[in-house]
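Please examine the sequence and the three-dimensional structure shown here.

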Amino acid sequence: MTKTTDVQPNDVASYARKAASGTLTRVARYTAMRLLTLFVTIVIGVYLTILIANMGGYVDEILKGDIRERTAISISNNPTYRDYTVEQRNVLIQDKIRLEEERLGLNRPFALRSFSYLGNALTLNFGRSLNMVSDSGSKEVRNIILERLPSTLVLFGLSNLVLFFVSVFLALALSRHYGSFMDKAIVALSPTSAAPPWFYGIFLILIFAAVLHVLPFGGMVDAPPPDNWFEYALSVAEHMILPASALMLASIFLSIYNWRTFFLIYSSEDYVEMAKAKGLTSRDIESRYILRPTLPTIITSFALLLINLWTGAIITETIFNWPGLGRTLFRAVGLYDTPVIVASTIIFAYLLAITVFLLDFIYALVDPRVKVGGN
Amino acid sequence: MKTLQRTFNDLARYPSAIAGLFIIFLLVAAGVYSMFAIPYSEAIRLWRGGEDVWYQNPKNAAPAWFNYFTEKKLPQTILISSVDEENPVLEKGLAERVATPRESGADVTLTYTFEYLYDEFPKDLIFYLDSTFAEKLPFVAIRWYTPDGREIRITDTSVQLSQTYRFLQDEKLIRRLGGVSPEIGLLADPNSETPIPLKGTYKIVLEGITFEDASTLDAEFVLHGQLHGWAGTDHLRRDLTIPLLWGIPVALAFGLAASLGTGVLTMIISAIGVWYGGWLDELIQRITEINIVLPFLSILIMVGTFYSRSIWVILGVTIALSIFTGGIKSYRAIFMQVRESTYIEAARAYGASDARIIFVYLIPRIIPLLIPALVSGIPSFVFLEASLAVLGLGDPVLPTWGKIINDAQFNGALYNGMYYWILQPAVLLMITGLAFAMLGFSLDRIFNPRLRGV
């Protein structure tokens, strides 16, 4: 008590300044450390992916064999070289193989190359694919991925956003009507989420495409695609119904159940009882006493949902013939196309790291109990 | 023992847990049965077997129980052989044999009689002819007698050592039947406008002549039905009961091993990390962060494509990649609390070793949390195996549910209306997944005090 009265106005300002500069250095130091660890994590993760995607260099042997075979066949089939002697032709073949290997960088040892791959990946310099070609005919990995991105985003983005908001709001409503029939039904249905989306996809295709003939089996638009943009959108929407339903069906019940349980745990806190006793409306209780403390968790799961869109869903896309990123990645693995695999991984890693980094600050913003860099 | 009993009593209050346990019990029983009924090597031989093993089965035939639900009875496979086998795989009729010796060789008459009481035509009609001879080939003439007394000449041919006569590919026979495919022409009611089978007793007489005393002549008649066995057949004539039955132990073993391996290893590693702390704890945390960056399914696909599709390799990689995930962080948080308990301090005071504290005092505390997680984790691994198989990365040798779905998907089962092909493994997968998920949910509510009453 005496201490505060002794403090002069000047000292208060200096204290505040000191505290502010303390916060600033703490935040700065924390930010630097966090960025560094995230970066190291990404570097190691991506390097591991490069090693796996190249089978520790074995993919090179496959590629070399492939080049040798292709070159030999193309030269022996080419009428221009028909008059060449066997030796001349062999020299030509060796020459071409050497050029092709140099083009793909196969002449340098893998250990060296793996680091230049890593450098390129980290600087988002994806280069050219080995075999894959985008629909527009480009071999640039960037084009191959960008071309597929919209179709993944439209399907997975839409269905996951719907899924997220529907389950959060339904869960909130259910937690209010705990023990009602709907609530019990959701609890009973939640084990159905043990099955992945493609599994529901098969059943949906069976019912709506094979038996009822009302929706297409798969694909993204009718063949040939309509010229008119409106009809095009309609056609895409029609093709989207089944995969989107499969994606939602596979997780909606579990998702509602989890959120509901989460909200229930928070709504049994004493301060919520207190608010109820004070006679606050349930709207106020929900927005101020339940949603507010659960906001960090909601934001985290939303952010993770957004970045997980990146990988798409390999199997769901395969089952529905949806031309998205997941299927491109699967095709890339089948074609040993490491640049595409690595590009997909590094983008995911960066998105994840950025999200994790930003989340720390968002927590501090929405939750006064959390301090950036504090323990 | 008491805790176990209490757990069971608690479980009994949840109907879904009872249902789940019951299904799991049935699955385990069926799995054990199939492993004994069809030994591993036999299952592999049958699953990898080609036309030589499966020639008696029709292609893409629906299960036999279809007939219980349809008005029109679909034909089942009919087999009649002139050789009396000891233990035939499939039920076989025996042809009647009359042999009259001549000065060299014999006149052999084989009569094949069968009842045809179905409303649809069969898929295929085939004779498998076998003979032994030194120089002169035996000769056969095949006649077909319909229930209404018509006689149709099928073919006259000399018989090689082993020879297959396919009715449907005999152009001469088709011409003789007026351009109608033999499976319809031979069985159709001549008085009907639309082709419907004439029901009754059919007779095929195979008159053969052998020209040497030691020469033999045998023939097996195969009528491929539209239905076959309890589960139908696939595009390679394989009976689907084998992969459906063998899929049970494979799915259970994979799910259980992966879930148990992941759960237990995660627990031990996080306990060790928490107990020793320092750089070890840091290392575990960093590995977890790196592992979260790695694309799980892509790596599994790469391993399957590049290295090995063996289910054991995939299992190992799955466990390795699943250890360092979110689970290790939540266990760590709990262990951090447990570490500060007084009873740990007491253990330290009496001089318990680090290993003793970790395995006797730390880990048991978390087992109530581990058990529901283990059970709930099983379905995701069962489906993971199926998912990989659907992508064409299933084990190359083992018959599994996912591989049936993959075959069916690849051969357009849904487009061609062969729903049984996909539905049977899918329903089994669903039942398995649901059973473990229901049990896991109930266990979670029993063991997790925060969920009690919620």
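Leaving aside its neighbours within four places in sequence, with which residues is Ala349(A) in contact? The residues are Ile42(A), Gly45(A) and Val46(A) of chain A, together with Val293(B) of chain B. Here, two residues are in contact if their C-beta atoms, placed from the backbone, lie within 7 Å. This is a predicted model, in which local features need pLDDT of at least 70 and side-chain atom pairs count only at pLDDT 80 or more, while totals for chains, interfaces and linings use all residues. Residues are numbered from 1 along each chain as its sequence is written, and chains are lettered from A and ligands numbered from 1 in the order in which they are written.

Together with Ile405(B), Ala349(A) has the most contacts inside the largest nonpolar core, a core of 143 residues. A nonpolar core is a set of buried Ala, Val, Leu, Ile, Met, Phe, Trp, Tyr and Cys residues joined through C-beta atoms within 7 Å. A residue is buried if 20 or more other C-beta atoms lie within 10 Å of its own, exposed if 12 or fewer, and partly exposed in between; these C-beta atoms too are placed from the backbone. The largest share of this core, 16 residues, is supplied by helix α14 (residues 354-390) of chain B. A second, separate core has 28 residues, including Ala106(B), Leu125(B), Ile142(B) and Leu206(B).

The next topic is the contact of the two chains. Chain A contributes 39 residues to this contact, and chain B contributes 37 residues. On the side of chain A that touches chain B, two or more residues come from each of α2 (9-53), α8 (197-211), α9 (229-267), α12 (314-320), α13 (325-334) and α14 (338-366) of chain A. Such helices (H or I, at least four residues), like strands (E, at least two), are DSSP runs numbered from the N terminus. α2(A) gives the most to this side, with eight residues. By class, the side of chain A that touches chain B has 29 nonpolar and 10 polar residues, but no charged residues. In this classification Ala, Val, Leu, Ile, Met, Phe, Trp, Tyr, Cys and Pro count as nonpolar, Asp, Glu, Lys and Arg as charged, and the others, Gly among them, as polar.

Chain A is itself divided, into domain 1 (33-141) and domain 2 (144-366); such bounds come from an automatic or database domain assignment. The centres of the two domains, taken over C-alpha atoms, are separated by 37 Å. Their contact takes 27 residues from domain 1 of chain A and 22 residues from domain 2 of chain A. On the side of domain 1 that touches domain 2, α2, α3 (58-77) and α5 of chain A each supply at least two residues, and the largest share, nine residues, comes from α2(A). This side has 15 nonpolar, eight polar and four charged residues.

In chain B, helix α8 (residues 241-276) has 36 residues and should span 52 Å at 1.5 Å a residue, which agrees with the 52 Å between its end C-alpha atoms. The expected span is 1.5 Å times one less than the number of residues. α8(B) bends by about 30° at Gly247(B), and a proline, Pro249(B), follows within four residues; the bend is the angle between axes fitted to the seven residues ending at a residue and the seven starting there. Trp275(B) lies in helix α8 of chain B. Why does Trp275(B) count as partly exposed? It counts as such because it has 19 C-beta neighbours inside 10 Å. The C-alpha atoms of Trp275(B) and Leu362(B) are separated by 8.7 Å, although these residues are 87 residues apart along the chain. After α8(B) comes Gly277(B), whose phi is positive, near 60°.

Positive phi values also occur in residues other than glycine. Leu124(A) has a phi near 60° and is found in the loop between α5 (110-122) and α6 (141-176) of chain A. Asn60(B) has a positive phi of about 45° and is placed in the loop between α4 (51-54) and α5 (66-69) of chain B. Leu124(A) is exposed because 11 other C-beta atoms lie within 10 Å, whereas Asn60(B) is buried because it has 22.
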